[in-house]
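Welcome! Here is a short briefing to read alongside the sequence and the 3D view.

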Amino acid sequence: MLVRSRSLLPSVARKGILSLIATTCLMSCGAEALAQTTASASTEDATKAPQSKAQPARASTPAARSKALRTRQSAPVTAGDAEGGSEAIVVTGTREIGKKARDSIAPLDIISHKQLAATGQGTLRDALSLLLPSLTTPTAGFDAGAMTDTISLRGLNPNETLVLVDGKRRHNTANIYSNPGPQQGSTASDIDMIPMSAIDHVEVLRDGASAQYGSDAVAGVVNIILKKQASGFHAQNITGITSEGDGFQQGVYLDGGASLGSRGFVHVSGDFVHQDHTYRSAADNRSGTYQNNILSQPEQTRESVAVNAGYDLTDTIQLYALGTYAHRHAESYQNYRLASSLNAYPAYKAIYPWGYSPVETLNENDFELKAGVKGDFRGWHWDVSSVYGRDYDDIGLINSVNLSINKATGRTPTSFDVQGFNNQQWTNDFDFSRKFEFSGWPHSVNFAGGASYRYEGYSVGTGSPDSLFGNGSDALAGTNPGNAGNYSRDVAAGYLDISTYLAKGLQLDLAGRYEHYTDVGNTQNGKVSLRYDITRRIALRGTISNGFHAPTLAQKYYSALNISPTAARGLIGAGSPGALANGSSGLKPERSTNAEGGFIVEPIRNLHVTTDIYQINMRDRIMPGGNISGNTAKSAMRLNGFALPDDIDSWNPSAITANWFGNVASTRTQGLDITVTYLTKLGALGRIDWDAAINLNRTRLSHQASNPLTGAPLLNAASIAYLTTAYPRSKIIFGGNWTHAKWIVGLHEIRWGQTTNQLTYYAPGPYQFSTTHFLEYQNKPKWTTNLDVSYRITPRWTATIGGNNIFSAYPTRVPEGNRYLGAPQYYMSTSQLGINGGYYYFRVNYDL
């Protein structure tokens with residue numbers, strides 16, 4: 001048996017760096033020219049209060065009207081606007097057409113595609129996490145959940161953040177994060193299935209917006225605006241490796257546009273991204289070797305493409321369409337199985353003489369199609385669209401066994417199809433708006449409204465016969481027919497939005513929305529927002545609203561059994577026989593009340609400061625509850641048709657657990673966001689764009705539900721920690737970018753705040769595998785440094801060398817007695833600093 005030695009890693013790192021350089025030198029083209037800007041600051045600005053009576057100039061010719069239509073409703077924010085920020089036209093958080101970022105009534109961040117590229121990250125999720133303090137991602141992850149990329153805002157579950165693409169709701173992933181942790185139960189949109197090369201900029205609304213956009217917009221909204229240029233070609237190559245010499249990453253990003261005659265455009269984008277495994281496990285306490293790779297970054301390869309088009313049918317009517325497709329193959333390690341576990345199965349022992357590590361695989365196909373028509377009619381702006389999206393996940397298992405098959409038939413299958421999930425969403429929208437002038441009222445009134453119909457479908461497929469036979473495939477048994485099925489619901493909605501000025505500089509926005517779900521009933525949501533520009537340099541703003549998150553179909557119907565060498569954990573459907581027998585009840589929507597207030601100041605020229613405080617009260621939060629164990633758990637899982645290992649009765653009863661999703665608690669989240677930007681002009685030495693941003697966030701439990709049969713609380717200390725302290729208490733980003741002639745140098749510091757969790761005891765003793773006694777673990781604050789240096793070789797070519805976390809900081813180590821089998825030395829069920837250490841990259845950009 002080969003034992004991995006850390007002393008070999010420096011030579012591996014040297015080989016990785018040589019491979020990095022060689023790969024880049026073989027490129028035929030690079031990537032889009034770099035003009036880096038501030039890394040994380042909001043682009044809001046407190047400049048002169050807008051004139052409430054001002055109206056956009058009417059285009060005087062048909063050609064001008066056609067161009068105005070494309071610019072207002074279709075064209076993206078230009079690079080200059082997205083970077084300069086305050087003059088950019090935004091579409092998120094407002095129903096007014098032509099709203100500028102500096103006039104936003106709610107806190108809004110704009111991140112340009114150049115800022116995303118400047119991070120050196122190959123995925124949108126990881127890039128945003130380095131730019132926005134209020135946005136976090138999982139530290140690592142388990143099983144299939146680690147192979148889907150989701151984001152969280154303001155310390156809430158990913159399900160509480162709504163993702164839009166060009167203002168239209170994006171479909172969700174079918175791959176639920178089912179393992180314990182703050183992300184448990186999430187099936188949010190996987191933003192990395194959208195090509196990064198297709199993205200013009202990202203607008204992040206840090207405010208509750210269910211009254212405007214519907215379910216899920218509790219913590220905020222991420223609106224991804226795609227490129228719509230009718231000319232040009234851009235290419236980018238990123239090659240990177242970690243400080244440990246593993247996790248090699250290669251990304252190629254291409255996009256270009258062409259005109260459709262004189263009245264339209266088509267923009268095509270495509271990405272190829274590959275990342276290798278990283279290995280961060282400590283020694284396995286059973287063998288003293290490093291062959292247990294449970295603590296690792298999944299390997300994945302992703303190809304994605306987007307085609308975006310628009311065509312002016314007339315001077316006032318435009319047809320538009322979008323198609324995206326992505327395929328992902330990913331692999332995630334499970335715990336190592338010792339060779340001795342196969343002593344009674346010589347046929348398998350011959351295949352795995354040194355033991356084996358089961359590997360979960362994901363083959364994912366994701367697509368979305370959008371078509372719509374919009375235009376102007378007698379002052380009315382209208383938009384009719386239809387969007388259909390689907391995500392299909394085929395979850396398999398390789399390098400595994402089914403001992404029951406071998407015992408009964410002598411066969412030795414090693415790969416299995418264990419689960420299949422399909423999530424589809426078909427959304428149809430009609431939106432309209434118009435500005436009115438009323439006699440006796442000195443300000444224009446913007447009136448907007450619309451209606452929506454959405455179909456949601458979720459399917460759970462059965463595992464292959466080999467994955468179901470007897471006790472099932474090891475590590476992850478196939479889904480049995482009793483837990484499979486097809487589920488759907490219909491959602492109808494209508495909304496109204498009215499905005500005006502109550503006085504000079506005093507904006508008011510009122511929004512209301514009604515939605516009907518065929519499975520969970522009706523909901524009504526409202527929002528009131530005010531902004532007062534005291535002077536051209538000082539403004540105040542505030543919002544109060546209520547919101548909701550409807551339980552996803554996956555939260556209602558998902559069911560699975562995970563098996564480790566000495567433990568089993570079942571997540572059973574809320575309406576299944578096993579859950580109902582132990583006190584489960586049907587899921588109802590989560591509901592929230594949001595309040596926010598802040599100010600915007602420009603105390604001196606080029607210094608812009610925004611400060612916002614917020615409070616989010618959430619009721620009926622959805623997480624697994626019940627936490628049954630031992631014989632009760634075995635009985636519940638058998639009622640649901642799960643086949644359990646033959647020797648399970650000899651295991652520690654506390655190591656056999658089951659739970660189900662329920663409305664388990666109410667929480668209160670309070671926080672503070674501050675963003676600062678400042679420009680220093682150095683004359684002949686160039687300029688420095690300084691930026692700083694901070695998010696302070698705290699969530700506390702205000703109520704928890706109890707089991708109606710036993711009266712026991714639905715949450716234990718570990719689950720309460722996932723809700724309240726598993727996200728950082730603070731996150732700070734500050735630094736600057738120096739631009740001079742052909743050089744750009746960026747330097748940023750990030751402070752990741754403390755997270756606190758309750759850890760299970762795994763060492764022998766009175767609390768081993770206890771579900772009532774835990775060890776408090778504090779993941780201490782960490783500082784990381786990001787540095788990049790770019791040189792413009794020619795007007796079209798730019799080369800960059802850089803690193804994130806260049807001094808290789810790692811999370812706080814978990815005590816040895818609280819590591820299952822000794823290997824996971826860093827805690828994976830949290831959202832702080834990642835486990836990989838330093839990441840170094842070389843990037844080449846080309847812009848035609």
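The notes below start with the whole chain and then move on to single places.

This is a predicted model, in which local features need pLDDT of at least 70 and side-chain atom pairs count only at pLDDT 80 or more, while totals for chains, interfaces and linings use all residues. Residues are numbered from 1 along each chain as its sequence is written, and side-chain values use heavy atoms, with hydrogens and water left out.

**The whole chain**

- The protein chain has 13 helices and 35 strands; helices (H or I, at least four residues) and strands (E, at least two) are DSSP runs, numbered from the N terminus.
- Of its 848 residues, 61% count as buried; buried means under 20% relative accessible area, exposed means over 50%, and partly exposed lies in between, with a 1.4 Å probe and protein chains only.
- Among contacts with a separation of 6 or more, 74% are between residues 24 or more positions apart; contact means heavy atoms within 4.5 Å.

**Salt bridges**

- The count comes to 34 salt bridges, where a salt bridge is a side-chain nitrogen of Lys or Arg within 4 Å of a carboxyl oxygen of Asp or Glu.
- One of them joins the side chains of lysine 228 and aspartate 166, at 3.0 Å from N to O.
- Lysine 228 sits in the loop between β7 (220-226) and β8 (233-242), and aspartate 166 in the loop between β4 (161-165) and β5 (168-169), so this pair ties together parts that are 62 residues apart in sequence.
- Lysine 228 and aspartate 166 are both buried.
- Another salt bridge links aspartate 246 with arginine 280, whose closest N and O atoms are 2.8 Å apart.
- Here aspartate 246 belongs to the loop between β8 and β9 (249-260) and arginine 280 to the loop between β11 (278-279) and β12 (296-297), so the pair ties together parts that are 34 residues apart in sequence.
- Both aspartate 246 and arginine 280 are buried.
- Aspartate 533 and arginine 531 also meet through their side chains in a salt bridge (3.0 Å, N to O), and both of these residues are buried.

- Helix α13 (residues 717-724) is largely enclosed by the rest of the structure, because six of its eight residues are buried.
- The buried residues of α13 are Ala718, Ser719, Ala721, Tyr722, Leu723 and Thr724.
- These buried residues pack against β26 (607-629), β27 (656-681), β28 and β31 (755-759).
- Leucine 709 lies in the loop between β28 and α13 and counts as exposed, at 58% relative accessibility.
- Leaving aside residues up to four places away in sequence, leucine 709 touches Ala581, Asn582 and Gly583.
- From leucine 709 to serine 584 the distance is 9.0 Å, C-alpha to C-alpha, although the two are 125 residues apart in sequence.

**Surface patches**

- Arg668, Arg698, Arg700 and Arg729 form a positive surface patch.
- Patches are made of residues with over 30% relative accessible area and no salt bridge, joining like charges within 9 Å and nonpolar side chains (Val, Leu, Ile, Met, Phe, Trp, Tyr) within 5 Å.
- Lys and Arg count as positive and Asp and Glu as negative, while His and the chain ends are not counted; the place of a charge is NZ of Lys, CZ of Arg, CG of Asp or CD of Glu.
- Arginine 700 lies in strand β28 (residues 687-704) and is partly exposed, with a relative accessible area of 39%.
- A nonpolar surface patch is formed by Tyr532, Ile534, Ile538, Leu540 and Phe599, with about 410 Å² of accessible area together.
- Phenylalanine 599 is placed in strand β25 (residues 590-601) and is partly exposed, at a relative accessible area of 34%.

**Positive phi angles**

- Arginine 154 is not a glycine, yet has a positive phi of about 55°.
- Arginine 154 is in the loop between β3 (152-153) and β4, and is buried with a relative accessible area of 2%.
- Leucine 821, also a residue other than glycine, has a positive phi near 65°.
- Leucine 821 is found in the loop between β34 (797-804) and β35 (839-847), and counts as buried at 10% relative accessibility.

Note on methods
Accessible areas come from the Shrake-Rupley method with a 1.4 Å probe; for residues, only the protein chains shown count as cover.
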